[in-house]
Amino acid sequence: MSETQVKTEIKAYGIKVLLAAHPEVRRLKRQHTPTWHGNKFWTSSWLIMDFLRGEGMPSGTRVLDAGCGWGLTGIWCARAFDAEVTGADIDEEVFPYLDLHAAVNKVEVATMETDFDGIRTAALKKFDLIVGADICFWDEMVDPLKRLIKRALNANVRMVIIADPGRAPFEQLAGYFINNGEGKWTAEALDRKVDKPRRIRGRLLVIRKRG
Ligand SMILES: C[S@@+](CC[C@H](N)C(=O)[O-])C[C@H]1O[C@@H](n2cnc3c(N)ncnc32)[C@H](O)[C@@H]1O
């Protein structure tokens, strides 16, 4: 690449992420403006991919990517494990970016426009795993996420993974689940790092339903 060439995409963990300078992303940016920080792909997603690569999942696992934004975590689950993925987000403006990345990575991902409280028990019964990268960054996100995760565990979702650089609201959420399992779930907050596509450090809250 010559010095004047601008990088337009990155590849890691077997998926392609288009960057802001990519012509297709530039085209979408002229038409769609996400509001709640869904304007780009957030890097905590790599921590979830790295963790799940070690954990594995059966083909056809039903995955909900909550606060999906551009949807790369879910797209990776579909690509790596042939998972059946739905991306849920409060902001419909993120979905064209998700659709673009699903197409570029040759997978299909369903979408649901809803806030966390709108994902009800009946819908949650259709998922085995919930992932969420960088979705607990404001204090007011803690309670809706707490409610969502508790509904999910009651609906028999087996595992929930939330990734974050380690902000205070995330730690509050993690503390709640670590201290209140009461035989219904186990929860741990893990320090994780990856070196590709670049060095990223952060925290994962991993909650597993018991029984
Ligand atoms: C920082 S971005 C992270 C996006 C994506 N998970 C990633 O890692 O690239 C936060 C996302 O959460 C969504 N979001 C914010 N509040 C939400 C809520 N109450 N319910 C559902 N989604 C929400 C935003 O629209 C945005 O797409």
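Me: Helices (H or I, at least four residues) and strands (E, at least two) are DSSP runs, numbered from the N terminus. How many residues lie between β1 and β2 in their hairpin?

Reply: This is a predicted model, in which local features need pLDDT of at least 70, side-chain atom pairs count only at pLDDT 80 or more, and totals for chains, interfaces and linings use all residues. Residues are numbered from 1 along each chain as its sequence is written. The turn of the hairpin holds Y13, which has a positive phi of about 50°. The number of residues between β1 and β2 is two.

Me: Which residue of β2 is the bridge partner of K11?

Reply: Strand β1 covers residues 9–12 and strand β2 covers residues 15–18. They run antiparallel and are joined by four bridges; two strands pair if DSSP finds at least two bridges between them. In β2, the partner of K11 is K16.

Me: How many of the five residues of β3 are buried?

Reply: A residue is buried if 20 or more other C-beta atoms, placed from the backbone, lie within 10 Å of its own, exposed if 12 or fewer, and partly exposed in between. β3 is mostly covered, and of its five residues the number buried is four.

Me: How far apart are the axes of α2 and α3?

Reply: Helix α2 spans residues 44–55, and helix α3 spans residues 72–81. Where they pack, S45, I48, M49 and L52 in α2 meet L72, T73, W76 and C77 in α3; contact means C-beta atoms within 7 Å. The angle between the helices is about 25°, and the distance between their axes is 9 Å.

Me: At what angle do the axes of α6 and α7 cross?

Reply: Helix α6 covers residues 142–154 and helix α7 residues 168–179. V142, L145, K146 and I149 in α6 meet P169, Q172, L173, Y176 and F177 in α7. The axes come within 10 Å and cross at roughly 35°.

Me: What does T114 count as, with 15 C-beta neighbours inside 10 Å?

Reply: T114 lies in the loop between β5 and α5 (121–124). Leaving aside neighbours within four places in sequence, T114 is in contact with A88, I90 and I119. Its C-alpha atom is separated by 24 Å from that of R30, 84 residues apart along the chain. With 15 C-beta neighbours inside 10 Å, T114 counts as partly exposed.

Terms used. Axes are lines fitted to C-alpha atoms, for helices over the stretch in contact, and angles run from 0 to 180 degrees between N-to-C directions. Two residues are in contact if their C-beta atoms, placed from the backbone, lie within 7 Å.
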